[in-house]
Amino acid sequence: MRLNFERTVLMIIAAAIVSLACPTWNQASDLASGANIFMFPKPQQMSDMVLKNQTGRTVSLRDFKGKVVLLRFWSIQCPACHMEEPQLEKMKQAFGPAGLEILGVNLIDKPQAIFNHCASNKVPFPVLFDGNGGFSLKPLKLGGKATAFVVNPKQEAILEVPGFPTTYILDCRGDAVGFSVGPARWDHRSALSLIQGLIANRKNLFRRYDSNF
């Protein structure tokens, strides 16, 4: 789902309101009480993002199709982001070999600050940032509520990021199946079952693909 940021603030707000109605955030169901993970009624198609990693290599979100991905938006000055990192590290250790990838996207801090933070802190997953000014995070107020949207080089808002951390859960086709705003309980049995199920679906898909050749 995309929406154009046009020339006036009023047009931005009008488009954003339409966007909020279409991605069915308000229809998402709680995966488990206390886990703070919500599932979309049906998979949501994701727009591509092209960013840089810590080594300066260009990385496309499409590069990770075939894997289950936690696409996590964070900032350096976010205590809640750091609070859930140990759980994410354990999840990556447990499910990484089976096809789980965790990507930390930072569109707030300067690249050098991100480098310094990653060098002095054990960040348990790849960190991506905008290397050429193409992607940014635009804050906005809708109905008195503060939120933000990821904006691509065409000035289209492609994802909502209401706060940090915000994590989108992508299946092996690259579609968003759920999300979390704020720290989630990634060690909760329902969260573990969700990731296990997505990985099992991934394996079944590859098995069916191989059987056709």
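Reader: Is Phe179 buried or exposed?
Author: Phe179 is buried, its relative accessible area being 6%. Buried stands for under 20% relative accessible area, exposed for over 50%, and partly exposed for what lies in between, with a 1.4 Å probe and protein chains only.

Reader: What kind of model is this, and how are residues numbered?
Author: This is a predicted model, in which local features need pLDDT of at least 70, side-chain atom pairs count only at pLDDT 80 or more, and totals for chains, interfaces and linings use all residues. Residues are numbered from 1 along each chain as its sequence is written, and side-chain values use heavy atoms, leaving out hydrogens and water.

Reader: How many aromatic pairs are there?
Author: The structure holds four aromatic pairs. One of them joins Phe38 and Phe179, with 5.7 Å centre to centre and 20° between the planes, and is stacked. Rings of Phe, Tyr and Trp (its six-membered ring) pair if their centres lie within 6.5 Å; planes under 30 degrees apart are stacked, over 60 edge-to-face, and the rest tilted.

Reader: Which parts does the pair of Phe38 and Phe179 tie together?
Author: Phe38 belongs to strand E3 (residues 38–44) and Phe179 to strand E13 (residues 176–181), so this pair ties together parts that are 141 residues apart in sequence. Strands (E, at least two residues) are DSSP runs, numbered from the N terminus.

Reader: What about the rings of Phe73 and Tyr168?
Author: Their centres are 6.5 Å apart and their planes stand at 85°, so the pair of Phe73 and Tyr168 is edge-to-face. Phe73 is in strand E6 (residues 68–73) and Tyr168 in strand E12 (residues 166–170), so parts that are 95 residues apart in sequence are tied together. Phe73 is buried at a relative accessible area of 1%, and Tyr168 is buried at 3%.

Reader: Back to Phe38: how accessible is that residue?
Author: Phe38 is partly exposed, having a relative accessible area of 24%. Together with Phe40 and Phe179, Phe38 forms one aromatic cluster.

Reader: Changing topic, how many disulfides are there?
Author: The count is one disulfide, defined as a pair of cysteine sulfur atoms within 2.5 Å. Cys78 and Cys81 form it, with their sulfur atoms 2.3 Å apart.

Reader: Which hand does the disulfide of Cys78 and Cys81 have?
Author: The torsion about their S-S bond is about 85°, so the disulfide of Cys78 and Cys81 is right-handed. Cys78 is buried at 6% relative accessibility, and Cys81 is buried at 0%.

Reader: Are Cys118 and Cys172 buried or exposed?
Author: Cys118 is buried, with a relative accessible area of 15%. Cys172 is also buried, with 8%.

Notes. Helix = DSSP H or I, 4+ residues; strand = E, 2+ residues; numbered from the N terminus.
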